[in-house]
Amino acid sequence: MNSNRFASFSITLLIAIVGGLVFQWLHLPIPWLLGPMLFVLIVSKLWKSFRPYWSGVVRSTGMIMIGYTIGLSFTMAALQQIGQQLPLMILLTAMTLLCAAGIAFLVSKLSGTSFPTVLMGSIPGGLSQMIPLAQEIKGVDLTVVTFLQVSRLLMIIFFVPMLVFSPLFGMEGMGQHLIAQKAAASWDGLFPNIFVFAIACTAGAYVGKKIHFPSAIFLGPMIVTILINLSGFHGPALPSVLLNACQLMIGGYIGLLLKPEKLKNKLLMAILAVLSGVLLIGCSMGLSFLLTQFHEISFMTAFLGLSPGGMDQMGIIAAEVHADLSVVICYQLFRTLFIFLVVPSLIKAIFRSRMQRKEVETPSG
C-alpha cells in the first residue's frame, strides 16, 4: 500500500470506527457492521475531494475470522441433530429458497431490475457472505443486491424480536433447556489454540481461492474450522472486540461498494424491498408451522431456525427467549452451508443457460 493509499485508508478506517461508535451509542442493531457501512457511504458521497480506500487484505481478514466463528458452531451435537432432521432440513431449505426465488421474480417484474440481481438480493444468506458471492456472478448490480440485503436484514432485526415477544407466540415453552450455552469469550482463552486455527484458516482461504471455490475466503476457513473442531481439537470463541472488528472490516468495504446514485426508481425499490422482506418472513412463519408438525419443538424455536436472518443474530434472540438453541443453530447453519455449497453452482448454471438461450434466440447480424 503506497503512502497515498495508506493515508486514504487511515481516514476511511477512522470514519468507519466513528460510525460503529455512534451506532453502538444509539443502541442500533449490528452497530459495527451497519455503522461503518453507513458512515463510509455518506462521507464518500459528501466529501467530494476525498477518495476513500479500503484494503482488500483487511476485508479478507474479516471474512476469515467470521468463517472461523461460524465454523465453531458446528459441534458433534449439532452434527447429530442435523443427521436426525436432514430430510426435513433439505425440504424446508429448498422451500425457503423457492419462496425467495418467487419473490425475486415478482420484484424483478415490478421494478424492471434483472432477475439475477434481485435473486442475489433476496436469497436469505448473511449480508457479509452474499456480497462476495454476488461479485462472482457477471451482470449483477451490487448496489441493488446490497440495498435489498440490508433492507431485509434490518426488517429481520427489528421485526423478528417484536414477533417473538408478541402475543402471537405466547410465553409457553419458554422454559426449554438450552442445549448449548457458550461462556463469555476472554483474551486469555484464545491461546495457544488460536494459533493453530489462524494458520489453518488462512491456508483454507488460500487453497479455496486457488481451486476457485465459491466464496473461498469465507467458506475455506469455515470448513477447515468444522473439520478441526469435530476432530476434538476445539477452537476458542473470539472476544467481542474481535467480533466487532470483523464486522467493521466488512462494513467499511461494503460501504464503498454502495452506489445509491446508480439505483433507479429509488422509492419503488424501497417499497418493493419492504414487500419482499414481509413476504419472506411470512413464508418462514408458514414453514415453521410445518416444522412443528413433524418434530416436537416450539413454534418459537422453529421460527428462529427458519427466519431469513443471519445465524448469529437468530442465535442471540434464541438465547434471550430460551428457545432450543441447538435446533436454531442447526437449521441456520444447514441453510448457510446449503446456500454456499449448492446455490452458487446452481445459480451460475441457470444464468449460463439463460444467456446461451438468449444468444440462440438472438438472430445474427
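Q: Okay, where is Leu106 found?
A: Leu106 sits in helix α4. Keep in mind that this is a predicted model.

Q: Is Leu106 buried, exposed or partly exposed, and why?
A: Leu106 counts as partly exposed, because its relative accessibility is 38%.

Q: Let's zoom out. How many helices and strands are there in the protein?
A: The protein has 15 helices and zero strands.

Q: What percentage of the residues count as buried?
A: Of the 365 residues, 52% count as buried.

Q: And how much accessible surface does the protein have?
A: The accessible surface comes to about 17,700 Å². Carbon and sulfur atoms account for 69% of that surface.

Q: Among contacts between residues at least 6 apart in sequence, what share joins residues at least 24 apart?
A: For those contacts, the share is 76%.

Q: Now the inside. How many residues are in the largest nonpolar core?
A: The largest nonpolar core has 80 residues. Those with the most contacts inside this core are Tyr68, Leu92, Ile123, Phe218, Met222, Leu291 and Tyr331.

Q: Which helix gives the most to this core?
A: It's α4, with ten residues. That's the helix where we found Leu106.

Q: You listed Met222. What is Met222 in contact with, leaving aside neighbours within four places in sequence?
A: Met222 is in contact with Gly67, Ile70, Gly71 and Leu337.

Q: What other core lies apart from the largest one?
A: There's another core of five residues, and among them are Met300, Met314, Ala323 and Val328.

Q: Switching to rings: how many aromatic pairs turn up in the whole structure?
A: A search finds seven aromatic pairs. One of them is Phe197 with Phe233, a stacked pair at 5.8 Å centre to centre, with 25 degrees between the planes.

Q: Where do Phe197 and Phe233 sit in the chain?
A: Phe197 is in helix α8, residues 193–210, while Phe233 is in the loop between α9 (216–230) and α10 (240–257). The two are 36 residues apart, and the pair links distant parts of the chain.

Q: Are those two buried or partly exposed?
A: Phe197 counts as buried because its relative accessibility is 1%. Phe233 is at 31%, so Phe233 counts as partly exposed.

Q: Which other aromatic pair is stacked?
A: Phe299 and Phe303 form a stacked pair too, at 6.4 Å centre to centre and 15 degrees between the planes.

Q: Why are Phe299 and Phe303 separated by about one helical turn?
A: Because they are four residues apart in helix α12, which runs over residues 299–306. Phe299 counts as partly exposed at 24% relative accessibility, whereas Phe303 is buried at 1%.

Q: Back to Phe197 and Phe233. Which residue forms one aromatic cluster with them?
A: Tyr68 does. Tyr68 was also on the list of residues with the most contacts inside the largest nonpolar core.

Q: Last one, Gly62. Where does Gly62 lie, and what does Gly62 touch?
A: Gly62 lies in helix α3, residues 56–72. Not counting residues up to four places away in sequence, Gly62 touches Cys246, Met249 and Ile250. Gly62 counts as buried, because its relative accessibility is 0%.

Notes
Residues numbered from 1 in each chain as written. Predicted model: local features only at pLDDT ≥ 70, side-chain atom pairs only at ≥ 80, totals over all residues. Heavy atoms only, no water. Buried < 20%, exposed > 50% of the residue type's maximum accessible area, 1.4 Å probe, protein only. Phe/Tyr/Trp six-rings, centres within 6.5 Å; stacked < 30°, edge-to-face > 60°. Contact = heavy atoms within 4.5 Å. Areas by Shrake-Rupley, 256 points an atom, 1.4 Å probe, with all protein chains shown as cover. Core = buried A, V, L, I, M, F, W, Y, C linked by side-chain atoms within 4.5 Å.
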